[in-house]
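The sequence and the model should be read alongside it.

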Amino acid sequence: MSGRMTCMAIDCRWLRRTIDSGHAQSPFRTICTHIVRDGKDCVGPFLEDMETDCRLWDPNERLAARLPASVRDGWQWQ
Ligand code: SF4
């Protein structure tokens, strides 16, 4: 890959954010839809300026649209 991509969990294509009313204390859920994690919670973190170290991370469409072609075209899409 050429260039440098900031890998934030919030920008991952496998992330699904939802509300689970069964968890009254913290109903906001961040679920991983990657086949390897099989619907488990995303490893995050969801803190500003902290990148995820998840090796399954892929940029979502919104992030990919903002990337320079030199970075986007060199990314290893899974
Ligand atoms: S666990 Fe990894 S692959 Fe899954 S949503 Fe979070 S960052 Fe993406």
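How many nonpolar, polar and charged residues does the shell around the ligand have?

1. The shell around the ligand has 10 nonpolar, 2 polar and 1 charged residues. Here Ala, Val, Leu, Ile, Met, Phe, Trp, Tyr, Cys and Pro count as nonpolar, Asp, Glu, Lys and Arg as charged, and the others, Gly among them, as polar.

2. This is a predicted model, in which local features need pLDDT of at least 70 and side-chain atom pairs count only at pLDDT 80 or more, while totals for chains, interfaces and linings use all residues. Residues are numbered from 1 along each chain as its sequence is written.

3. The ligand is surrounded by 13 residues, of which Cys12, Cys32, Cys42, Cys54 and Leu56 are the closest.

4. A cis peptide bond, with omega near 0°, runs from glycine 44 to proline 45. Proline 45 is placed in the loop between β2 (28-32) and α1 (61-66). Helices (H or I, at least four residues) and strands (E, at least two) are DSSP runs, numbered from the N terminus.

5. Aspartate 38, in the loop between β2 and α1, has a positive phi near 55°, although this residue is not glycine. Aspartate 38 is exposed, with 8 other C-beta atoms within 10 Å. A residue is exposed if 12 or fewer other C-beta atoms, placed from the backbone, lie within 10 Å of its own, buried if 20 or more do, and partly exposed in between.

6. Aspartate 49 is likewise found in the loop between β2 and α1. Its phi is positive, near 70°, in a residue other than glycine. Aspartate 49 counts as exposed because it has 6 C-beta neighbours inside 10 Å.

Definitions and conventions
A residue is near a molecule or strand if its C-beta atom, placed from the backbone, lies within 6 Å of it.
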